[in-house]
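This briefing covers the overall build, a few individual residues, and the shell around the ligand. The sequence and structure come first.

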Amino acid sequence: MTVNNSTFDYIIVGAGSAGCVLANRLSDSGKYSVLLLEAGPRDRYPWIHVPIGYAKTMFNANYNWCLYTEPDPGMRSRQIYWPRGKVLGGSSSVNGLIYIRGQANDYDRWHHLGNDGWGWADVLPYFIKMETNQDGANPLRGGDGPLRVSSIRDRDPLAQAFVEAGSPALRELISEEYMPGNDVNSDEELLEFARETGVTIFHPVGTCKMGSDESSVVDHRLRVHGMKGLRVVDALIMPCITSGNTNAPVIMIAEKASDMILEDAARA
Ligand SMILES: Cc1cc2nc3c(=O)[nH]c(=O)nc-3n(C[C@H](O)[C@H](O)[C@H](O)COP(=O)(O)OP(=O)(O)OC[C@H]3O[C@@H](n4cnc5c(N)ncnc54)[C@H](O)[C@@H]3O)c2cc1C
């Protein structure tokens with residue numbers, strides 16, 4: 001492909017969670033030239049590098065697209081805030097740093113939907129490859145990947161009680177219900193509360209889903225149906241959302257896509 005009279009083996013649009021991983025892996029051998037295009041600036045803003053900096057980038061149009069949805073009839077026609085990173089690192093530069101792989105069943109479901117090679121056993125090696133876990137490597141955790149992952153150090157006693165003892169013990173710690181409150185009880189009242197207050201929590205996926213049915217955009221090797229030389233590699237290819245935050249799954253997707261792209265290049 002050619003841009004400004006220069007030719008590249010690969011052009012990656014968007015230096016977000018997925019784009020940066022792809023650029024790293026595809027250029028690693030030195031064999032292929034890679035052009036990584038990013039609409040936003042470099043990630044020099046200091047708050048990007050501080051965990052609590054999330055609050056400083058959330059509405060900062062220098063580093064955030066600051067989008068809103070169209071008015072949604074199912075949500076009382078509200079327009080819901082839709083932040084996305086517009087900076088080197090993409091949304092991973094403005095996110096909450098929570099690291100969750102999701103559950104094995106999430107990926108087995110992708111596989112059962114007809115996406116060969118995306119079951120839990122297939123994707124686990126990529127989760128391991130991408131991380132350096134502070135607790136060290138083991139059969140489920142990585143020890144020498146580019147992404148450092150640590151467990152929560154300061155455990156909140158309330159959360160701890162919830163996890164360890166369950167609801168009966170938790171009841172003793174609750175003085176009153178904060179939200180939705182005592183006035184909201186029936187299914188209809190709860191649904192109405194969700195319509196009035198619901199937000200995305202910033203994990204949109206699936207608008208270019210992987211699959212072979214009519215509504216899918218890419219195949220199981222992330223090639224756009226009916227087009228040569230074009231792939232989608234990011235959160236949008238998920239056939240259904242994982243159980244948790246999406247950054248770790250997106251990085252896994254890009255790690256796996258890098259291998260597929262390099263395999264295809266070696267075969268060509
Ligand atoms: C506020 C917020 C908090 C979040 N918190 C967490 C969390 O704590 N834990 C978690 O796991 N996940 C979290 N997420 C979700 C996670 O960060 C995303 O799922 C993930 O970063 C998506 O990666 P991506 O590569 O698909 O897209 P992105 O990382 O968004 O990358 C897309 C990139 O493409 C660029 N781009 C777009 N259009 C163009 C163009 N035309 N030309 C050039 N470049 C372009 C954008 O500027 C951007 O840099 C959060 C997301 C947000 C927005």
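A137 counts as partly exposed because it has 14 C-beta neighbours inside 10 Å; a residue is buried with 20 or more other C-beta atoms within 10 Å of its own, exposed with 12 or fewer, and partly exposed in between, with C-beta atoms placed from the backbone. The model is predicted: local features need pLDDT of at least 70 and side-chain atom pairs count only at pLDDT 80 or more, while totals for chains, interfaces and linings use all residues. Residues are numbered from 1 along each chain as its sequence is written.

**Surroundings of A137**
- A137 sits in the loop between strand 7 (131-133) and strand 8 (147-149); helices (H or I, at least four residues) and strands (E, at least two) are DSSP runs numbered from the N terminus.
- Leaving aside neighbours within four places in sequence, A137 is in contact with G142 and G143, where contact means that the C-beta atoms of two residues, placed from the backbone, lie within 7 Å.

**Overall build**
- The protein has eight helices and eight strands.
- Its C-alpha trace spans about 65 × 45 × 45 Å along the principal axes.
- Of the 268 residues in the protein, 26% are buried.
- Among contacts in the protein with a separation of 6 or more, 51% come from residues 24 or more positions apart.

**Strands 3 and 4**
- Strand 3 (residues 10-13) and strand 4 (residues 34-37) run parallel and are joined by four bridges; two strands pair if DSSP finds at least two bridges between them.
- I12 has L36 of strand 4 as its bridge partner.
- From strand 3 the chain passes through helix 1 to strand 4 in a right-handed β-α-β crossover. Right-handed means that, with the strands pointing away from the viewer, the path from the first strand over the helix to the second runs clockwise.

**Shell around the ligand**
- The ligand is surrounded by 34 residues, of which G14, G16, G90, G96 and N247 are the closest; a residue counts as near if its C-beta atom, placed from the backbone, lies within 6 Å of the molecule.
- Helix 1 (17-27) and helix 8 (247-267) each supply at least two residues of this shell.
- By residue class the shell holds 15 nonpolar, 15 polar and four charged residues. Ala, Val, Leu, Ile, Met, Phe, Trp, Tyr, Cys and Pro count as nonpolar, Asp, Glu, Lys and Arg as charged, and the others, Gly among them, as polar.

**Helix 3**
- D106, Y107 and W110 are the buried residues of helix 3 (residues 104-112).
- They lie on the same side of helix 3 because they cover an arc of only 90 degrees around the axis, the arc being that of the directions from the helix axis to the C-beta atoms.
- Helix 4 (120-130) is included in what covers these buried residues.
- Just after helix 3, G114 has a positive phi of about 110 degrees.

**Backbone details in loops**
- The peptide bond from M179 to P180 is cis, with omega near 0 degrees, and P180 is in the loop between helix 6 (167-171) and helix 7 (187-197).
- C66, a residue other than glycine, has a positive phi near 50 degrees and lies in the loop between helix 2 (54-57) and strand 5 (67-68).
- C66 is partly exposed because 15 other C-beta atoms lie within 10 Å.
- L222, also a residue other than glycine, has a positive phi near 65 degrees and is found in the loop between helix 7 and helix 8.
- L222 counts as buried because it has 22 C-beta neighbours inside 10 Å.
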